[in-house]
Amino acid sequence: MDKLNDTEQRLMELEVKASFTEDLLDQLDQVIVRQQEQIDQLVRELAQLRQQPGDAGSGGLRPASEDLPPHY
């Protein structure tokens, strides 16, 4: 009888662990979905930035090598 109770206890512990594992997996899936949405948004924004004209006068991006220190 003791062996049956021990087996039932171990089975219950495994079921609890499995339940927590499923919950954690669901949470991680949600994190991955959110991160992929953020990556997609950043890729779109980067594509838009690359399509903008590179005029230095219009506030566009310019290479750091063109920046002169203030004392020049």
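I began with D29, which is partly exposed at a relative accessible area of 40%; buried means under 20%, exposed over 50%, and partly exposed in between, with a 1.4 Å probe and protein chains only. The model is predicted, so local features need pLDDT of at least 70 and side-chain atom pairs 80 or more, while totals for chains, interfaces and linings use all residues. Residues are numbered from 1 along each chain as its sequence is written, and side-chain values use heavy atoms, without hydrogens and water.

I placed D29 in helix α1, residues 2-51 (helices are DSSP runs of H or I with at least four residues, strands of E with at least two, numbered from the N terminus). The protein has one helix and zero strands.

Next I checked burial: 0% of the 72 residues count as buried.

I then turned to V16, also in helix α1. V16 counts as partly exposed because its relative accessibility is 41%.
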